[in-house]
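Hi,

Here is the structure I promised to pass on.

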Amino acid sequence: MQRKTSAAIWTVLFICFWIIPGSVAAGPPDNYTATLVMEGMSMPIARMGDKMRSENPMLQGMVSLHLMDAQKNIMMSSANKTYMEQPLDSKAAPSLDDPRVVVEKKQIGSETIDGHPCTKYDSVFYLKDNPSEKYKAVIWEAKDLGGLIIRNETTLPPGKMGTGEQKVATELKDVKPGAAKASMFEVPKDYRKVNNMMEMMGGMDKMNEMFKQQPKPK
C-alpha cells in the first residue's frame, strides 16, 4: 500500500514539474505565479529561474519543489511540518525550458487563449545528448507574456507515463509575472526531514484519511 501510494504521488509530482510551461527562449519571463490546469485538476504553481513549485492537487497541504540547481525534488507536508528529498530522475522526459533541450518548431497559426494573443506552433524537442529520443508538442506562446507557453499538448512515448503513448495537455491561467518570491522555494526551518512518504504524512492511518479527503477532479 505504501509503495503504491508513494508511486502515485511521485508520478503526479513528475508530471506537474515536467509540464510546467516555460519560455522556449532563454530570456524572460522566468519569474511568475499561475494556476496550472491539467486533466481537470487545478494547482497553484510558481517559477523563479530554475526553481519550480506546485501545491499537490492530490493532497491538501502537500507542496512540491523542483530544484534544478540542486538536482533534487522536495516534497513537504505543511500539516505535519515534515519534508523528504529525492534526486532528479535523469531518465525522465525533459522539460521544454530545460537549457539542455533543443526545440524545433514551426508556426501553424494564431489563437487567443484565456485572453492572451498567442502564436501556435508544432514542435519537436529533445535533449542535446540524446537526439534519438524526441517528443512532439503543440504549444501556444503568449505574445503579451514575452513568449511564455500558456498551453502545451505534448505526446509522451510509451514508457514515460504508462505503457502506451500518452497525450498530456496543460494550460496556465492567472499568470502574474514577477510574483514569485525566494521564500516559496525554501523548506521552513521548523520542518523535520524524514526518509519516506509514510513518515512525512504522519503514518498509514493519517495518510489514508488524507486520501479520502482529497478533492476530486472537476
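His116 is buried, with a relative accessible area of 15% (buried is under 20% relative accessible area, exposed over 50% and partly exposed in between, using a 1.4 Å probe and protein chains only). You'll find His116 in strand S8, residues 116-127 (strands are DSSP runs of E with at least two residues, helices are runs of H or I with at least four, and both are numbered from the N terminus). Setting aside neighbours within four places in sequence, His116 is in contact with Glu111, Ala142, Asp144, Leu145 and Ile150, where contact means heavy atoms within 4.5 Å.

Before I go on, the ground rules. This is a predicted model, in which local features need pLDDT of at least 70 and side-chain atom pairs count only at pLDDT 80 or more, while totals for chains, interfaces and linings use all residues. Residues are numbered from 1 along each chain as its sequence is written, and side-chain values use heavy atoms, with hydrogens and water left out.

Now for the backbone. Most residues other than glycine have a negative phi. Asp114 has a positive one of about 50 degrees, though it is not a glycine. Asp114 sits in the loop between strand S7 (101-113) and S8, and at 41% relative accessible area it counts as partly exposed. Asp174 also isn't a glycine and has a positive phi, of about 55 degrees. Asp174, however, is in strand S11, residues 166-177, and its relative accessibility of 53% makes it exposed.

Ile74 is another one to click on. It belongs to strand S5, residues 72-77, and is buried because its relative accessibility is 4%. Not counting residues up to four places away in sequence, Ile74 touches Val63, Ser64, Leu65, Leu67, Tyr83, Met84, Glu85 and Val187.

Finally, the chain as a whole. It has three helices and 12 strands, and 45% of its 218 residues count as buried. Of the contacts between residues at least 6 apart in sequence, 52% join residues at least 24 apart. The chain exposes about 11,200 Å², with carbon and sulfur atoms supplying 50% of that; accessible areas come from the Shrake-Rupley method with a 1.4 Å probe, and for residues only the protein chains shown count as cover.

Cheers
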